[in-house]
Structures are given as C-alpha cells and as structure tokens.
Amino acid sequence: MIKAEGLTKVYSSGQGVQGLSFRVREGEAFAFLGPNGSGKTTTIRLLMGFIRPQSGRAFVHGWDSWRDAAKVKEVTGYLPGEISLLETMSGVEFLNLILGMHGGQARARKTKDRLLERLAVPAQQPIGKMSKGMKQKLGVVSAFMLDPRIYILDEPTSGLDPLMQKTFVEMILEEKSRGKTIFMSSHMFPEVERTCDQAGIIRAGKLAAVQSMAQLRQSRRRLFTLEVGSVEDAGRVKEGVARIEGLRLVEDLGRHMTLAVNGKLNPLLELLSGIDVKEIDRKDADLEEIFLEFYRHPGSGAGDGDCL
Amino acid sequence: MREAWAGRARKEKEEEEEDEEEERAIMSKALYRAMLKLNVGKIIGYASGNALYGLLLTTVYPSIAGSPAAAEIAGSFPATVKSVFGVSDEADLSTFESYISGQFFSRIWVLVMSVYGIGTAQSLLADLLERGFLAYPLAAPLSRREIALTQSAVLLTGCATLTGVTLLGVTWGCHRQGIGISLWRYYRLGILGFSFFSALASYSLFFSAVAPGRGQALFWAAGLTLLFYGLDVVAGLSDKFRWLRRLTLFRFFRPQEILTGQSSTRDTLILLGITAGMLVLTAEGFNRRDLPV
C-alpha cells in the first residue's frame, strides 16, 4: 500500500533522508520512530509528493508520490506535523474548505459532525481563539472525516491531553479494524505500542531497522535497579559488569545503579553473591527505552531484527 | 416511504454531480471562495479608498478649473516635473483628463495598485507556504497547477474589482459635478488599467510561487516594480534617456493618452499577453518546485 524504494533527499544543510526502503502492507499500521531532525517529516513529505526525491521513488496505493501526487491524495488522509491554520477562519469554515477541496463528499459531512462531537471541538469558534490542542483536534477531524483508505499522520497526538490521546488511540484501532492502512510518525511510545504492527526506526536520515512490534517486545531487556551497602561494593559491581558479557551499566548514581541483563540471570546473581545488596527491583524496558538504546548503541538491544 | 427514499437518492445524485463538476474543473471552487473571503476585507479597503479619493478629486475639480491662477501654475511646471507625475508634455492641464491623470491615475493609482498586487500575490502563495497552510490544498486531490490557477483567479478578481470600483467612483463624481466625460474612454481605461495591474500582479505571483521564502519573493517583486518605475521616470527627464522607456512595463500605461483618445488596443493586448505568460510560468514553477510544508 505504501512503498519506498531507495528514497533519498538530502538538503544543503546535510539533513534529509538517504536510501530509505520500506513497505507497509494494506491494513497494516506502521510507526515511524526517530528523534527531531532524523528525517521523519522529510519522509512524510516525500510520501505526500510535497518534495521531489533526488533518487528513489515512493508509491502510495500504486501511484508514484511525486508524479501522480493528485491521485495519491484521493486515497490519503493527511495530518501535518505542525498544524498551521488561518486564524481568521472558524473551525467549520476550515473543515468545509477541506471537504470542498476533496469533492464535498456528502458522507464525510456526517462523519465530520460525529467526530467534532467525539473530540469535543467547538468548531464554530474562530481558529485564532483556539488552543494548540484544539487546533490539533481540528487537524485530526480534517484527516479522519474523509474516511480515506490510507492515513499519513505526522506526530498526530502532539499537543493532545492524555484523555484525547486515549480517544485518538481508539480511533486508530477502529480504523485498523476497518482495514485501513496507517503510517504515522510519533514520539508517543504508548500509542505506537498499542496501535502499530511494525515500527521503522530512523537515525540520521537512514533507516536503522524495521521490526514488528512483537519482535520489539521480545527484544526487551530486563532492567534491575540496585542499591548496594558501600561505595566499595558499588565499585566491585561496576567492575564485574564491565567484565561479564550480557550485563551492562545503564545508569550510575554511586551506590544506586541500573543494570541491563541480556539473556540469563545467572551471571548477575553470581556477581551479587558477595555484595551487600540493600535493595533490588526489576523493571521491563518499554518501547521508549528500546528506542533510546538504538541511538546509544546501534548494534544492541532491538537491533537484533531486520537491520537495513 | 418510497418518496422519501427517492428524494434522498435524488439529493445524493445532485451532490455527486456537484462533486464531479469539482473534479472536472481546472481550479478549486472551494479554495477560490475561501481565499476570496480571506481577501475581501483588503479588497473593500483598497476599493473604497480609491473610489473616495477619485470622488474627492472630482468634487474639487470645478473650483480648480474655474480659477485661471491654477491653470497658470500647472502650466508653469517644468517638463521633468510633469514627467515624474505622469502628465504628458503636450497636455493641456486645464482639462479634466489632464487633471485626473496627473493627480491620480498616472502615479497614485499605480502606486496603490502596485502595493495591493505585490502584497496580495505574496499572501496567496509565498506567505501561505511559509506559514504551512498550503499543506491542506496540497493534501487534497488537486494538482499544483489547479492550486496556482485558483490563487491567480483570486488575484485577478481583486485587480478587476479595484479597477472597476475606482473608475465607478470617478465617473460617478463627474456625473455629480456635471463634468462632461467620454464614458467609453473610461471604460477603455478600465480595461487597460486591469491589464496593467494584472501584469504587475502576475509577475509578483510568479516570484511568490518560485522564491525560496516570503522575504525573497517580496524583494524581487518590489525591486522589479521599482526598477520599472525608476526607468519610466528617468526616461521622461531628458531626450537622452528616452530609450529607457522601452525597458519598462510602465510604457504601456498612459492614462492621459487613453482618456484623450490617443492610445491603441495593442498595449492592452501586450499587457494581457504578459499576464497570461506569467500565470503559465507561475503554474509551471509551482508545479516543479519542492514545497516543504
């Protein structure tokens, strides 16, 4: 449904994307993860045909994103990363403009009213008087009311309060259950974890890995927070961690530390056998930690999947 | 029940037909309406300002025309000063046509319309692009040419409205004051004025479509207009510089000549040709460039 083949666009500043290749199948939800400046928005602009690739091609529903841009938009609902609306318009005027430009579909008008109610948007209000979150909700309505086959969403929950984030996750799950294809960039790991089937991790313009959520969950390391009785004990633990394969020091706060364990627990237990352990707690790394791990140590943790 | 169903089906069919009409169109009606609504305040402001100024000039004209001293003063201006104010050398300054051309049509009107044309052209593309709002038209199933053409139509609608309302103000003022004028010549001035301001606005829209930023677009459009204006003024100062007039767009807009029946249709056609050419270039430039919204 969405396909990128060696997609490259490098700006004079050096930022951009290089040789991106990935595929999102029909009915699949794909998360595009990466920090600011890693190339997420550039990729989305390439998929939407806003910018022309220097090399490679992108296809949406079989249409070339640049050459057949208008055709791509017939099947796509898009939410930009930054909601920039005309302050003098009211919410309703803006949505009617979007509907008008999409051919004024009668069915979409009913969906619009339903969504405005669901997301509690005071659409009669001038946009200039709306908060950032309210504008974001208006943007979400404008993408979802069109009932597109494919959603391309750039940081869709940015600016939404936790309650609305939950509603958004529900909306994504509903659309998924109706067979829609979803491509979204995000910083919100809980929403990605709940909604997406696959995640692509982009680093400095290059795709570091594409993994299924199941793979990512499997690759979770076990983390242990530890408090030892003395500074000497702490030194012995750190020395042991540096020596033993499968153990790593994630956080060092003197007598308090966080250790990551890959594989069996025995080496950790052996290391701690002669140590005065005051407190030990186990916590599972969530998707965010796996993601951060990717950036710190490209070859470790989640990198066990399909590195590209 | 069956009637209600038939009624609903008919309504849906009508809506579908409306949608199809939108699909066949070469520009977006919805975008045109929204952009026009956004600019309507500005159009009303400029139009009423122009019309009121024209009305004011026609109101005071009878008292000026009746005063021999005023005609003497006007006649005593050196040719260079007349040139700066767009009044031709041979013109008899005691006529209404000379008066209204020198006081309004040749310079002030051009200045006001230039500010309107350049400003609106920037706001319709470069400004919307920089603010990110263009993401929405671009995310709709419209080609970039359709979007550029729609914005061009909004720009030309403004030019036509401003030209029409300005001339209405002047001709109504003449009617009120009993000043005898040839309406046909004012009608021709309207067409020439629209063509001239459209040409000016269309190259501004071209810069707005292809410049990397709003600042550059404004700088290029205002710079070129000032250059044209400067060449026109310098060309009028001395016979030595008269050839410079060939290089400026302002050579085609001589309101006093058209009001005294001396201008040709060729100038209007050339200006309309420049407008059409620039709008095609605008659509092509907009179609090919990266739009990082």
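## Close-ups of a two-chain predicted model

**View 1. A salt-bridge network in chain A.** Here A:R107, A:D147, A:E175, A:R178 and A:K180 are joined up in a network of salt bridges. Keep in mind for this and every other view that the model is predicted. Side chains of opposite charge can pair when their charged atoms come close.

**View 2. A:R118 pairs with A:E170.** The two side chains meet in a salt bridge, at 3.7 Å from N to O. A:R118 sits in helix α4 (residues 106-118) of chain A and A:E170 in helix α6 (residues 162-177) of chain A, so this pair ties together parts 52 residues apart in sequence.

**View 3. A helix and a strand of chain A, bridged by A:K238 and A:D252.** The closest N and O atoms of this salt bridge are 2.8 Å apart. A:D252 belongs to strand β12 (residues 247-253) of chain A and A:K238 to helix α9 (residues 231-243) of chain A, so the bridge ties together parts 14 residues apart in sequence. A:D252 has a relative accessible area of 41%, which makes it partly exposed. A:K238 is partly exposed too, with 24%.

**View 4. B:E130 reaches B:R214.** Over in chain B, these side chains form a salt bridge with an N to O distance of 3.7 Å. The pair links distant parts of the chain: B:E130 is in helix α6 (residues 108-131) of chain B, B:R214 is in helix α10 of chain B, and 84 residues separate them. B:E130 counts as partly exposed at 46% relative accessibility; B:R214, with 36%, is partly exposed as well.

**View 5. Where chain B meets chain A.** On each side of this interface, 31 residues take part: 31 of chain B are in contact with 31 of chain A. How much area do the two chains bury between them? About 2600 Å², with 62% of it on carbon and sulfur atoms. Look for B:F133, B:Y136 and B:P141, which supply 26% of the area that chain B buries against chain A, more than any other three residues. The size of an interface is often given as the accessible area lost when the parts come together. There are also 2 salt bridges between chain B and chain A. The side chains of B:K37 and A:E93 meet in a salt bridge, 2.3 Å from N to O.

**View 6. Inside the largest nonpolar core.** This core has 143 residues, and A:F94, A:F144, A:F183, B:I100 and B:F105 have the most contacts inside it. Which helix of chain B gives the most to this core? That would be helix α9 (residues 183-210) of chain B, with 13 residues. Zoom in on B:I100 and you find B:L57, B:F105, B:V170, B:Y186 and B:L259 touching it, leaving out residues up to four places away in sequence. A second, separate core has 14 residues, including A:L226, A:A234, A:L268 and A:L272. In soluble globular proteins, nonpolar side chains tend to be buried together.

View 7. B:S204 has a relative accessible area of 0%, so it counts as buried. Setting aside neighbours within four places in sequence, its contacts are B:G117, B:I118, B:A121, B:Q122 and B:A221.

**View 8. A nonpolar patch on the surface of chain B.** B:V234, B:L237, B:F241, B:W243 and B:L247 make up this patch, and together they have about 450 Å² of accessible area. B:V234 is in helix α10 (residues 214-237) of chain B, and with a relative accessible area of 31% it is partly exposed.

**View 9. Chain B as a whole.** Of its 293 residues, 47% count as buried. Chain B exposes about 14000 Å², and carbon and sulfur atoms supply 63% of that. Among its contacts between residues at least 6 apart in sequence, 77% join residues at least 24 apart.

Methods:
Residues numbered from 1 in each chain as written. Chains lettered and ligands numbered in written order. Predicted model: local features only at pLDDT ≥ 70, side-chain atom pairs only at ≥ 80, totals over all residues. Heavy atoms only, no water. Patch = residues over 30% accessible without salt bridge, like charges linked within 9 Å, V, L, I, M, F, W, Y side chains within 5 Å. Areas by Shrake-Rupley, 256 points an atom, 1.4 Å probe, with all protein chains shown as cover. Salt bridge = Lys/Arg side-chain N within 4 Å of Asp/Glu carboxyl O. Helix = DSSP H or I, 4+ residues; strand = E, 2+ residues; numbered from the N terminus. Buried < 20%, exposed > 50% of the residue type's maximum accessible area, 1.4 Å probe, protein only. Core = buried A, V, L, I, M, F, W, Y, C linked by side-chain atoms within 4.5 Å. Contact = heavy atoms within 4.5 Å. Buried area = accessible area lost by both parts, 1.4 Å probe.
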